[in-house]
Amino acid sequence: MSFKVLIADDEEDLVDVLRDRLESYGFTVLTASTGLEALKTLLAEQVDGVFLDVKMLELDGLAVVEAIRRQDQTMPIIIVSASSYPDAATDALERGANAYIQKPFAWETLLTTIEQLYHITLRRAPCHP
Amino acid sequence: MAVHLQRSYTELEHKAATHAAMATENAALYRQVRQQAEVLEARVTARTQELETANRHKSEFLANVSHELRTPLTAIKGFVDNMLDGLTGELNPRQLRYLTRLQANTDRLARLINDLLDLSRIEAGRLELRPTTVRLAPLVHDVVASLRPVADARGLQLEALTTDVSVWADADKVTQVLMNLLGNALKFTPADGRVTVTVAHDGSAWVQIAVADTGPGIAADEAAYIFDQFYQAAHMDLAKRHSTGLGLTIAKTLVEMHGGRLWVESSVGHGSTFRFTLPVDPPVTPAAAPLPEESR
């Protein structure tokens with residue numbers, strides 16, 4: 001398996017954390033720091049899924065979800081957000097995201113979500129690169 | 001006689017005049033009171049609007065602050081987890097120890113943020129229950145199963161004695177209450193001890209859930225304060241301060257939102273039992289929960 005995914009988050013550190021982990025599982029990772037950049041990347045590249053932050057400049061993550069879903073109803077979309085609003089998860093799922101992960105997240109939660117969406121099994125720690 | 005009548009008549013006239021003056025004065029006073037009441041009413045309306053605005057700002061502020069706190073915390077936790085999971089190669093024992101502590105502390109901060117948000121939502125009256133008919137046995141067993149590794153690691157027996165009974169409650173909130181109570185029991189009970197969850201129903205309108213431990217117990221004068229915010233964090237042994245100090249406050253409030261009660265029965269050296277009640281049926285008429293029985 002070699003999935004190509006896009007991570008969009010305006011926090012460089014969070015992109016790094018997620019990219020390093022996904023690359024250790026053999027994923028190819030593209031990155032974006034705004035919603036608009038994410039959409040531009042999606043126009044130029046064929047990807048197998050996206051990890052989206054919500055609060056981003058230019059275009060927020062939920063708007064990106066809606067834009068993707070107008071073209072593609074099946075691509076796995078995982079929202080990874082630090083939002084504190086009780087309805088944040090419901091809102092994201094209603095707009096078409098497949099999963100909502102609350103920051104700070106436990107890897108177990110994220111890995112289980114990825115396994116379910118991609119029908120794969122990811123090894124647990126230790127996972128040397 | 002005529003003189004006498006004349007005098008009475010004058011007196012009457014005088015009284016009538018006095019009454020007329022009083023009536024005029026009363027009418028004036030009444031108008032003043034009315035005006036003042038209107039002024040007060042307008043002020044109350046304005047003040048209520050101000051408070052509602054302030055409360056909304058407070059909620060928005062809290063949401064923004066917690067977002068800003070969670071973002072760097074996610075990065076710290078993410079990098080620490082990546083190292084602990086071997087992404088940067090093998091760790092020496094001291095690196096492992098430091099990173100494990102870092103992980104425990106970031107988790108604690110994350111819990112504190114969640115608890116503070118819960119509490120502020122509760123206080124602002126914004127936390128809504130989503131009650132359904134909840135079967136307690138599977139719920140209790142799920143919570144016990146999720147805490148089993150903690151009990152095993154601490155060398156504690158953890159058991160659940162449940163009957164097949166349902167309550168009218170918000171399942172997530174009941175889970176949160178149980179996690180808080182069991183988490184405390186597992187934390188404060190020394191190795192080789194026992195923690196037991198019991199679900200009991202005597203056929204009344206209330207089901208009673210008890211979390212009993214064989215820990216050090218709580219003195220009567222202390223028991224009065226343990227539900228206060230941050231009491232535990234401020235007063236317990238430093239080594240045991242892994243909690244946020246808000247767990248019991250939140251648990252008690254959540255139970256009370258269901259119409260139930262939460263209380264503790266304990267004495268020093270004899271363990272502690274935290275009990276709470278939940279309604280069997282949806283509320284029809286306002287009903288009161290049974291009073292806690294006398295403390296042992």
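Biologist: Buried means under 20% relative accessible area, exposed over 50%, and partly exposed in between (1.4 Å probe, protein chains only). By that scale, is Lys4(A) buried, partly exposed or exposed?

Modeller: Lys4(A) is partly exposed, because its relative accessible area is 25%. Keep in mind that this is a predicted model: local features need pLDDT of at least 70, side-chain atom pairs need pLDDT 80 or more, totals for chains, interfaces and linings use all residues, and side-chain values rest on heavy atoms, without hydrogens or water. Residues count from 1 along each chain as its sequence is written, while chains are lettered from A and ligands numbered from 1 in the order written.

Biologist: Which side chain does Lys4(A) meet in a salt bridge?

Modeller: Glu45(A), at 2.9 Å from N to O. The two sit 41 residues apart: Lys4(A) is in strand S1 (residues 4-8), and Glu45(A) is in the loop between helix H2 (35-44) and S3 of chain A. Glu45(A) is also partly exposed, at 32%. A salt bridge here is a side-chain nitrogen of Lys or Arg within 4 Å of a carboxyl oxygen of Asp or Glu. Helices (H or I, at least four residues) and strands (E, at least two) are DSSP runs, numbered from the N terminus.

Biologist: How many salt bridges over all chains?

Modeller: The search of the whole structure gives 15. Asp16(A) and Arg19(A) form one at 2.8 Å, N to O. Both lie in helix H1 of chain A, 3 residues apart, about one turn.

Biologist: Which residue pairs with Arg135(B)?

Modeller: Asp164(B), with the closest N and O atoms 3.2 Å apart. That pair also links distant parts of its chain, 29 residues apart: Arg135(B) is in strand S1 (residues 132-135), and Asp164(B) is in the loop between strands S2 (157-161) and S3 (166-169) of chain B. Arg135(B) is partly exposed at 46%. Asp164(B) counts as exposed, at 59%. Separately, shared partners join Asp9(A), Asp53(A) and Lys103(A) into one salt-bridge network.

Biologist: Switching to the interface. How many residues of each chain are in contact?

Modeller: 26 residues of chain A and 25 of chain B. Contact means heavy atoms within 4.5 Å. The chains bury about 2100 Å² between them, 61% of it on carbon and sulfur atoms. Buried area is the accessible area (1.4 Å probe) that two parts lose on being put together, summed over both.

Biologist: And how many salt bridges between chain A and chain B?

Modeller: There are 2. One of them joins Glu68(B) and Lys55(A), at 3.8 Å from N to O. On the side of chain A that touches chain B, helix H1 (residues 12-24) gives the largest share, 7 residues. That side has 13 nonpolar, 5 polar and 8 charged residues. Nonpolar is Ala, Val, Leu, Ile, Met, Phe, Trp, Tyr, Cys and Pro; charged is Asp, Glu, Lys and Arg; polar is the others, Gly among them.

Biologist: What about helix H2 of chain B: how far does it reach?

Modeller: H2(B) runs over residues 93-123, 31 residues, and reaches 45 Å from its first C-alpha to its last. That is close to the 45 Å expected at 1.5 Å a residue, where the expected span is 1.5 Å times one less than the number of residues. Its buried residues include Leu99(B), Ala110(B) and Ile113(B). The buried residues pack against helices H1 (2-84), H4 (171-188) and H7 (247-257) of chain B.

Biologist: Which residue caps the N-terminal end of H2(B)?

Modeller: Asn92(B), with a side-chain oxygen 3.1 Å from the backbone nitrogen of Arg94(B). After the helix comes Gly125(B), with a positive phi near 70 degrees.

Technical notes
A polar contact is a pair of N or O atoms within 3.5 Å; within protein, one must be able to donate a hydrogen and the other to accept it, and residues adjacent in sequence count only if both atoms are side-chain atoms.
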